[in-house]
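Here is a short briefing to read alongside the sequence and the 3D view. Please keep both open as you go through the points.

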Amino acid sequence: MKIFLDRQSPKPIYMQIHDRLSNLIQSGALQPGDRLPSIRSLAESVQVNKLTIIEAYNVLEAEGVICARQGSGYFVETQRVAATNLKPTFAPAQDVIIKEPGGNSFFDLHMAAVQAQTQPGMINLSFGFPRPPKDITQIAKRALNQTDALHKYDLPQGQTTLRRQITQMLIHQGLNVSTDDLIVTNGSEQALSLAMHYFVQPGDWVIVEAPTYFGAIAILENLGAKIIGIPMTAEGINLELLEQYLKSHCPKLIYTISTLHNPTGLTTSPEHRQQLLALAQQYECPILEDNAYEGLNFEPVPAPIKALDQNDLVTYVGTFSKTLMPGIRVGYMVVTGKHYQAILERKLFHDVHVSTVSQAIVSEYLASGHYRRHLNQLRTENLQSRNFMVQAMERYFPEEAKWTVPKGGLFLWVQLPADIPIQTISKEALAQNVLIFSGSAFFPDKQGYSAMRLTFANSLEEIEQGISILGKLLKKHLYRGQEKLFTHQYPQLFVTTSENDRYSKAC
């Protein structure tokens, strides 16, 4: 296979290889089911390192263009789901939300969702769970056979081998960290709690994105912090408004999700990350960067904000709960400089150490190479599901609905007309065995605009059925309101028409 490379081009070599192979597939020169050159043969042909070919193949696999078959190599994907419109339409009003201390609905929200998802036949479009690894039992058995740490206490910062493996993974993502900067935690939720309780005191101002992860809001509410919700744009948090409130309120912390944001799915640009860090440095405000969905990106993403940090201003949080299994409860945080020892001591008071069994399983996944293959498979499946969900929304949702098209992760965000009764729709959907999260849960004090978060980590059949039901409910409530207005303005058109006929015409 001939691939001509421009070694003087600013475009990375692996992306040049990716582009050439992608063009061959799109043009039909490579047909579905065709076998691609082996990594070694293609590396020799174009005279590059094998890792460069692996990177190119990984991107193509994440895009759903090719697939890997264990022991056989890489093949052009035979079944692909393409969305007819992959342009996001997310453009919300830019209203800042100020939340005084008090109120916490996280427990009720979490318990209601956990209980509802156990009902038979429930289509869960609320929580986003990764598809579990098929070889988890085999890996777990191997990990338990190799560990002798079950009969004694372990280090509060986590097992040394696991921290070393996570460090190597983060270095590959662009972070300049050492094993001594890592603290292994019980999921990312504990990491967020440790950092927030360290940096924030009751009554302090804290800046969050609006919307943002409701679990983080709950921690801050429980802590007694005063929350400033800075609205999200299609590019990320509104930086002009951020600077305005950094200047006026002197917050003690900025909480941000830079990659595959929860709930919008947005990923900020390198420029946006640099500007955000510059503002934090200017106003001496620490940043808590929560990248729980790292590794689920469909295409390369910028290095985290922490990678740009030269002043120990950023605390970085990640987890394996979103890529392996929620029940594994292994997260981690990168804490540099003077903050490390104080946060580690807090961690010891919380739980002594994370389960040695869970740490051993994650460590075995990372050591064996299974984790990389699992991520590739997840990205391929999630991309197909995302495209299918966007395609279903184009068919079933009213045109007034707007949504993001995330480049990875597990969620997308649907922005709805202001007069849509989203709470009523949530209850009616639940009655039809469709579970969704109303967007209000992701705003401080539930003051945000009408929206909902949907996960595409489901089967295509569940997505089709769930989106169809939601679309009918959205149209029913949206057009019912429009019909009443239209009837009031033009009553002569509806004198002899039945209620059902009027609703049909409105739809």
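**Briefing: salt bridges, sheet and surface**

E464 has a relative accessible area of 23% and is therefore partly exposed, a class that lies between buried (under 20%) and exposed (over 50%), judged with a 1.4 Å probe and protein chains only. This is a predicted model, in which local features need pLDDT of at least 70 and side-chain atom pairs count only at pLDDT 80 or more, while totals for chains, interfaces and linings use all residues. Residues are numbered from 1 along each chain as its sequence is written, and side-chain values use heavy atoms, with hydrogens and water left out.

**Salt bridges**

- The whole structure holds eight salt bridges, each being a side-chain nitrogen of Lys or Arg within 4 Å of a carboxyl oxygen of Asp or Glu.
- One of them joins E464 to R395 (2.5 Å, N to O). E464 belongs to helix α15 (residues 460-489) and R395 to helix α13, so the bridge ties together parts 69 residues apart in sequence; helices here are DSSP runs of H or I with at least four residues, strands are E runs of at least two, and both are numbered from the N terminus.
- R395 is partly exposed at 40% relative accessibility.
- K252 and D204 form another salt bridge (3.7 Å, N to O). K252 sits in the loop between α9 (239-249) and β9 (253-256), and D204 in the loop between α7 (187-199) and β6 (205-210), 48 residues apart.
- Which of these two partners is buried or partly exposed? D204 counts as buried at 14%, whereas K252 is partly exposed at 39%.

- An open antiparallel sheet has the strand order β13-β14-β17-β16, where pairing requires at least two DSSP bridges between two strands. Its edge strands, β13 (402-403) and β16 (437-438), each pair on one side only.
- Five bridges connect β14 (residues 411-415) with β17 (residues 451-455), and L412 faces L454 in β17.
- Helix α13 (residues 370-396) lies across β13, β14 and β17, at about 20 degrees to β14; axes are lines fitted to C-alpha atoms, for helices over the stretch in contact (heavy atoms within 4.5 Å), and angles run from 0 to 180 degrees between N-to-C directions.

**A hairpin**

- Strands β1 (residues 66-69) and β2 (residues 73-76) run antiparallel with four bridges, and I66 has V76 as its bridge partner.
- Three residues separate the two strands of this hairpin, and G71 in the turn has a positive phi of about 85 degrees.

**Whole chain**

- The protein chain contains 16 helices and 17 strands.
- Of its 507 residues, 55% are buried.
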